[in-house]
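Welcome, and please take a moment to look over the sequence and the fold below. We will then walk through a few parts of it together.

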Amino acid sequence: MAFQIHSSHPQILFKIPSFSQIPTKLLPITMSSISISTLIPEQTPKPDVYNVKFKTLEACKLGISRYPDFEYNAQGGKGSGVGKKMVGVDFNGETSVDFDVKSLYIPPLTSLTTKFLGLPLPPFLKIEIVPEIFRGIINIESGKVDLKFKAKFWFSIGSIYKAPPLLVETLLTSEESKGSLRSGNGDRLNEQGKCKLVGVATVEQIDDFLMNSFLDLPTECLAILNATIIFSED
């Protein structure tokens, strides 16, 4: 195709090439020119460290030797600790938890909190619980709880008698705990953080003839504890 340009200058012919004659160059598209983050939505990673709050509830039980169980209202007990996510193929959902025993409070057994054979304890009788160890493993995914609990139980009658402490060491678990005399079954953590923990322990003799005779030491004791365990990132 050709055109003539009219002017006062000598005629010059211009030839416009057809589109088929225009050379083309294909530009490759590489993935490096596209941000991968715009294609894959970001996921917030789960934390590795948690704050853990522990509270004891009502309708608990404590038993020792072959005596009937004490009905124990432990509502008001509380504690806090730190949970650390355990890493590895064998630790799916398991978190190591360690509670601060200095601030851990478990209500004493008194006439206000405890009944025996349907009647409140005598007002002058008191059993104080002083925790020494409270730590273990909690599986956040399955709700399984295994917490080592060690405490001293101080038995007193007013100001006239105070026995040496009974040392109790057990594994409070959401599963089954079974001894030769005592046994119990727990409940795993639910979505609201509630659970039932049970533990059987052997109580050894102490340097007190009255308590050894009255409780038939050494013997077994059983704890059934309703509680809530709440994990938070704050």
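Let us begin with two strands, S4 (60-64) and S17 (219-232), which pair in the antiparallel sense over four bridges. Strands here are DSSP runs of E with at least two residues, helices are runs of H or I with at least four, and both are numbered from the N terminus; two strands pair if DSSP finds at least two bridges between them. In S17, Leu222 is the bridge partner of Gly63. Before going on, note that this is a predicted model, where local features need pLDDT of at least 70, side-chain atom pairs count only at pLDDT 80 or more, and totals for chains, interfaces and linings use all residues. Residues are numbered from 1 along each chain as its sequence is written, and side-chain values use heavy atoms, with hydrogens and water left out.

S4 has another partner in S5: these two pair in the antiparallel sense over three bridges, and Lys61 stands opposite Glu71 in S5. The two strands form a hairpin with five residues between them. Is S4 mostly covered or mostly open? Four of its five residues are buried, so it is mostly covered, where buried means under 20% relative accessible area, exposed over 50% and partly exposed in between, with a 1.4 Å probe and protein chains only.

Now look at the loops on either side of S4. Ala59 lies in the loop between strand S3 (49-56) and S4, and its phi is near 60°, a positive value in a residue other than glycine. Ser65 is found in the loop between S4 and strand S5 (70-72), with a positive phi near 55°. Ala59 is exposed, at a relative accessible area of 59%, whereas Ser65 counts as buried at 8%. Most residues other than glycine have a negative phi, and most peptide bonds are trans. A cis peptide bond joins Leu217 and Pro218, with omega about 0°; Pro218 sits in the loop between helix H1 (209-215) and S17.

Where is the open space? On a 1 Å grid over the protein atoms alone, a pocket is an open set of points where a 1.4 Å probe fits, with protein on both sides within 12 Å along at least five of seven lines, and lining residues have an atom within 4 Å of a point. The largest pocket holds about 720 Å³ of space, a volume being the space filled by probe spheres set on the points, which are joined across faces, edges and corners. Its lining has 33 residues, and Leu62, Ile64, Phe70, Leu109 and Ile127 lie nearest its centre. S17 gives the most to this lining, with five residues. By class, the lining has 30 nonpolar, three polar and no charged residues; Ala, Val, Leu, Ile, Met, Phe, Trp, Tyr, Cys and Pro count as nonpolar, Asp, Glu, Lys and Arg as charged, and the others, Gly among them, as polar.

Finally, turn to the aromatic rings. Rings of Phe, Tyr and Trp (its six-membered ring) pair if their centres lie within 6.5 Å, and planes under 30 degrees apart count as stacked, over 60 as edge-to-face and the rest as tilted. By this rule there are eight aromatic pairs. One of them, Phe99 with Phe134, is stacked, at 4.8 Å centre to centre and 25° between the planes. Phe99 lies in strand S7 (residues 94-99) and Phe134 in strand S10 (residues 125-139), so the pair ties together parts that are 35 residues apart in sequence.
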